[in-house]
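Try each task before reading its solution.

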Number of protein chains: 2
Amino acid sequence: MTTTEKPATPYQVIGTRPVRPDGVDKVTGRAEYGADVKLSGMLYGRVKRSPYAHAVIKRIDASRALALPGVLGVVTGADFPELSNNPVPTIRGPIPERWTREPLIAAGKALYKGHPIAAVAATDPHIAEDALDLIDVEYEVLPPVMSVEQAIAPDTTLLHDPAVTAEIKGLFEPVNGRQSNIARQLEIRMGDVEQGFAESDIVIEREFSTASAHQGYIEPHNATALWNRDGLLTIWTSTQGAFGVRDALAGILKLPVSRVRVVPMEIGGGFGGKIPVYLEPLAAMLSRRTGRPVQITMSRTEVFEASGPTSATQIRVKMGAKRDGTLVAGEVHLAYEAGAYPGAPVPGAARSALAPYNMPHHLVQGFEVVVNKPKVAAYRAPGAPQAEFAVESVVDELAEILKMDPIEFRLQNASRQGVRRSEGVPHGSVGTEQVLQAARDSAHYRSEIHGDKIGRGVATGYWGNGGNESAAYAIVNADGTVTLITGSVDIGGQRASLAMQFAETLGIPYETVKSTVGDTDTIGYTSNTGGSRTTFATGWAVIEAAYDIRGQLIARAAKIWDVEPEKVTYDAGVLREEGGQTMTFKEIARKLAGSGGAIQGRAAVKPSGVGAAVATHICDVHVDTDTGKVTVLRYTAVQDVGKAIHPSYVEGQLQGGAAQGIGMALNEGYVYRADGSMANSSYLDYRMPVANDLPPIETVLVEVPNPGHPYGVRGVGEVPIVPPLAAVANAIYDAIGVRVRHLPASPAVILDELERLKA
Amino acid sequence: MTTTEKPATPYQVIGTRPVRPDGVDKVTGRAEYGADVKLSGMLYGRVKRSPYAHAVIKRIDASRALALPGVLGVVTGADFPELSNNPVPTIRGPIPERWTREPLIAAGKALYKGHPIAAVAATDPHIAEDALDLIDVEYEVLPPVMSVEQAIAPDTTLLHDPAVTAEIKGLFEPVNGRQSNIARQLEIRMGDVEQGFAESDIVIEREFSTASAHQGYIEPHNATALWNRDGLLTIWTSTQGAFGVRDALAGILKLPVSRVRVVPMEIGGGFGGKIPVYLEPLAAMLSRRTGRPVQITMSRTEVFEASGPTSATQIRVKMGAKRDGTLVAGEVHLAYEAGAYPGAPVPGAARSALAPYNMPHHLVQGFEVVVNKPKVAAYRAPGAPQAEFAVESVVDELAEILKMDPIEFRLQNASRQGVRRSEGVPHGSVGTEQVLQAARDSAHYRSEIHGDKIGRGVATGYWGNGGNESAAYAIVNADGTVTLITGSVDIGGQRASLAMQFAETLGIPYETVKSTVGDTDTIGYTSNTGGSRTTFATGWAVIEAAYDIRGQLIARAAKIWDVEPEKVTYDAGVLREEGGQTMTFKEIARKLAGSGGAIQGRAAVKPSGVGAAVATHICDVHVDTDTGKVTVLRYTAVQDVGKAIHPSYVEGQLQGGAAQGIGMALNEGYVYRADGSMANSSYLDYRMPVANDLPPIETVLVEVPNPGHPYGVRGVGEVPIVPPLAAVANAIYDAIGVRVRHLPASPAVILDELERLKA
């Protein structure tokens, strides 16, 4: 099902497909997840949540709950340290300090249904559950703001106190002199779009919208906290980044980072949604209150209603092209819902939207509004799938009007190294052309499609990827193996991809590297597993740690041989002395204890040279016009992966991203009632594709090495979710002539569009 | 109660008395010991032990036990990998590989009462206990060999198959052409003792004996094992050295060390007795058999009967002196019981016995015999307390005959740097004279003693201390703190003493160093906490790790300031640039993320330059001649501690060692019945001194810096147990004129001696 374009490789380990270190544990059920943590005297916590999407909290009375035998503590927002309105730096611009915590436990006002009001700890989870009903809360219910339209209506209710928002620089800038629900606006300009449209032979402008979608990780959020009497707080949790959790807790609880230890357990999926903290601060405060360890886990409904999905969006795209197929100008308007607090992924969407193409004139305008929904979180290439859905739908329409093959049209306009992106910055090494060529030449695209109501769509996507900080520490064992410790939570097989780069660098077998994930007290600072950064940046750290070991091995061999270090070389796992003496890695490992002690390597990096990723997906669908059901018949993901360290896990990323994107295209979407409650907060009603909904996803790995990494690695994890929305929509059009501009394209949407087409 | 000779100090941190990092956890009961480990699906193991001290195992039938509901597995010696007779290197000479395991689970023969025959794992500890009785074992009982006399009698029973012992080089050398129970003999000669005795004016020869004594750690042995389906074995245990356990298990189970991860839990005392493995291999095999984690803990009786106490001994000492008080010759014969397998601490005893003195003629002969008792283990300065008891009793008698003050007599003959020890090697820096002078000048020694049957004794002891391998890894946190990871299990406050040396080296406050103990997968190879080595050798590793960080800080500051690294210095926690710019450690810590990533330090050392330790103790006793009870009235421990990093914890070592030595002098001893069973295997009957048995132990810290360590550290933990046996015995003589030559000097022994004196 899968083809790999495999160049002749100079590598021994990189490019092979060994078993991941956590494989056996995961298939035998032995792997320890956050909910498996058991501590002596542990209490169980539960969260009392707002039943209203928008309400003033007049009074909270926990006395009846506290009187219930087995209940040992209750905390509310009032128990947390006071936080200021001062902005704190976050990955997406400054957010006031108070807004890092208020989404987690309400302060004065509940801003979404499911907003935590209080948390209770009891000796038994059932007692904790019962205690929730005994916490009396008096609300003053306000009208909920549930869409961009409602949020920006002149007579709308404001979510946040204008006296507060007016204080905060860079957010909630006054609109027409008044505070509003518009949290942030941005504009990126290159060239002059008006001039570009004037020079164009064809100009199309279309409007699109998408629903909120959830990352749908299998494992719900959980946190276990022990706030010890010595003032040290330990957290066991399911997270994409132990250090990120440490930083967040230190901020929210006003502790120095060194007072907090975060132990990342195995993680059952994250996709960006396990970067924020939810339960950790509540468990921590309950532990401080009770003097006991406290564990809280979410139900699936809590995950849907009170963790962070991606934004619902409204997008307008206008593009102009010449008759010869040259794109001239693109204009993109992005309106993203942020949920109840600012933080929608508009900047990433804005940078990605037009990035696959070479056009002189760009204008991207974005704004985000606050609405009475849970605060959005990152979701795999945050914001880009929605933006690219709109852009690639328009590109498809332009190709049709120009009577060009959609891939040839894209190829003609493909961005390449040196061409400027929307922000005016030239692209680095980018594989847009190679990916489009590989897609055009793929078996799938060359195949014919036959049959009624069957169509094919293609779409391209771009994501810039992340770099950030990573550390590595490695210990040479006497048996010739190496224990490798990194701080990157392993979601997609990183323990393997990191061990492989380390083994390759030292010229030792993969099987001899025991690759483990440390906690915040056992390894140097490492940023989140996210931004497609781990195999790239933490990979670089392990390479540097291997170099550190190599240097020490050379010095040690020189000492053992009693020669100058300059006379010793290390290559492919063998030390060589000018005089002809040799020693393998395994041989010197045995001699370390007798010649001065163990050898350890360490490195910490913050690499620039991040390689951007481009993907083109090809999708064949059948549409049942009686029922509106769309069936994906064949699907191929073509992607520039830089250098695939472990091709199977790279393919897995492409397949997983495609499946999630198809879900967003066809089925997945939050459905809200007018009162602000979610109508489909279970896996039964929130319809994610399961195995029998999809064909096997075919993959084509295109390897355009990233010159910014020793082995050419570029991030691969996020961009595969970018093209599917448009690829599916374009295939539906090809099948039945309906341009779907609202996602998910559920049967109801398809039938409506068919009605409209008939009318 | 305590005086410290404190020189003017150049140090900011060293020499202060901060709180240890584990203090709160230990006083609040939160510290996690091995028996606190709880794993999903964990089974409970129990050990079926031989009721006979010496018996052939004819048959083991576990079928009835396996039929008991809840019993999931049984293992016997036959389930373990075959091990050879080839010697493997150990800390005390070569031991056949098979004898590393057979003490832990019998193979063919039970060699002591309590020898494990089988181990069972069940879903509940009570079921496991019940199952023991359902394991049917058929024995052929043999006469037990219970003393040196019995072991060397011509018609004795041999414990080990002569066909096996004849194969092993260096052990069980034939005696008169025949295999025997004499496991090993040694001889150290310097000069010519015969000539020495001929030149002496006074020659005394005396015989002594001591009983086996147990280390008496509060926490019994425990082990939890998970042998995972991926072939990786994880062990949680109470041990003095995680890497030592790893090495032992790898040998016994025939696994590469990297397949074994050992997590050292908090330890409730060890004193040498928690260096060997006992339960770990049994738990591991049961886990492999059942596919589940298995936990085994010992009862107190099992600890007494089946872990390793110190040797019972018989010692003969002959010494000669001139009228002017000059010691001329010393001859020491050491006969030590090894228990059922070779490994008695004869070499350490032999090297220490005469080391406090400068004599031209030395002869030390030692041998060890195997007897039907549990194999002995290390116990704080292993072997030396017994040898020094004998030597210092004779020295006391010589001083009396010479009518010299016992301290002045010792001072006149004190060993010093450059003087050769028994092995002919010259002493390095050694504080014998300074310690004796401090003892002579102490308030205690200068005080008068009054009263009937009250006496004072002094004794000196020597211990060479250990060096060996240590690693350290340190992470600079953004808040200006450092997480410090070492592999040394913390028994006596090492987390503090290591953090202090690290903080001193970097010029940062102690409180900013978070000092933790890693496991075998998180830190480089580190030898056991034992041999008084940890604050010395692991201290050196943390100093080197601090240097590694200092170098990187200088490079980073140079980068931030855009100057050459040569222009930057680091002193007392402050970076300085020639042009006058400065930056504190805390300031640069905050800037690391923005200037290239985290900084980590690493070091691994195997230092030579170990500093030997000398102690002189002063003891006042009252003897009740009606009951035979000896009461210690006042006790002072004077010791060369090199440089006391944390004086309180050094004092604690002196006090603890003195208390244990007093216990061996007065009360503690294994009592065996003729059938080879132990008569006093409980704390009720095995009489250790408790708080109200002893006066506060006064300490005098003499600081003769060890030139072999950056801060002058020398090991302090072991030597304080060496002098008390003789100090107490000499005080008893001073009080009532009885020379006690068998220890413990229990009331019965005292009354017997008084009877003999009268007769």
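A residue is buried when its relative accessible area is under 20%, exposed when over 50%, and partly exposed in between (1.4 Å probe, protein chains only). Helices (H or I, at least four residues) and strands (E, at least two) are DSSP runs, numbered from the N terminus. This is a predicted model: local features need pLDDT of at least 70, side-chain atom pairs count only at pLDDT 80 or more, and totals for chains, interfaces and linings use all residues. Residues are numbered from 1 along each chain as its sequence is written, chains are lettered from A and ligands numbered from 1 in the order in which they are written, and side-chain values use heavy atoms, with hydrogens and water left out.

**Exercise 1. Find which residues of H21(B) are buried, and what they pack against.**

Step 1. Locate the helix. H21 of chain B covers residues 747-758, twelve residues. From first C-alpha to last it reaches 16 Å, close to the expected 16 Å. The expected span is 1.5 Å times one less than the number of residues.

Step 2. List the buried set: B:Val749, B:Ile750, B:Glu753 and B:Leu754. They cover an arc of only 135 degrees around the axis, so they sit on the same side of H21(B). The arc is taken from the directions from the helix axis to the C-beta atoms.

Step 3. Turn to the other side. There B:Glu755, B:Arg756 and B:Lys758 are exposed.

Step 4. Identify the partners. The buried residues pack against strands E27 (613-623), E28 (630-640) and E30 (742-743) and helix H20 (724-736) of chain B. Contact here means heavy atoms within 4.5 Å.

**Exercise 2. Describe the interface of chain B and chain A.**

Step 1. Count residues. 54 of chain B are in contact with 55 of chain A.

Step 2. Take the area. About 4,000 Å² is buried, 48% of it from carbon and sulfur atoms. Buried area is the accessible area (1.4 Å probe) that two parts lose on being put together, summed over both. In chain B, B:Arg30, B:Lys514 and B:Arg602 lose the most, together 17% of what that side buries.

Step 3. Check the charges. The rule (a side-chain nitrogen of Lys or Arg within 4 Å of a carboxyl oxygen of Asp or Glu) finds four salt bridges across the interface. One salt bridge joins A:Arg602 to B:Asp548, with the closest N and O atoms 2.7 Å apart.

Step 4. Find the main element. E26(B) gives the largest share of the chain B side, six residues.

**Exercise 3. Is A:Pro723 buried or exposed?**

Step 1. A:Pro723 lies in the loop between strand E29 (697-702) and helix H20 (724-736) of chain A.

Step 2. Apply the cut-off. A:Pro723 counts as buried because its relative accessibility is 0%.

Step 3. List the neighbours. Not counting residues up to four places away in sequence, A:Pro723 touches A:Ala459, A:Thr460, A:Gly461, A:Ala615 and A:His617.
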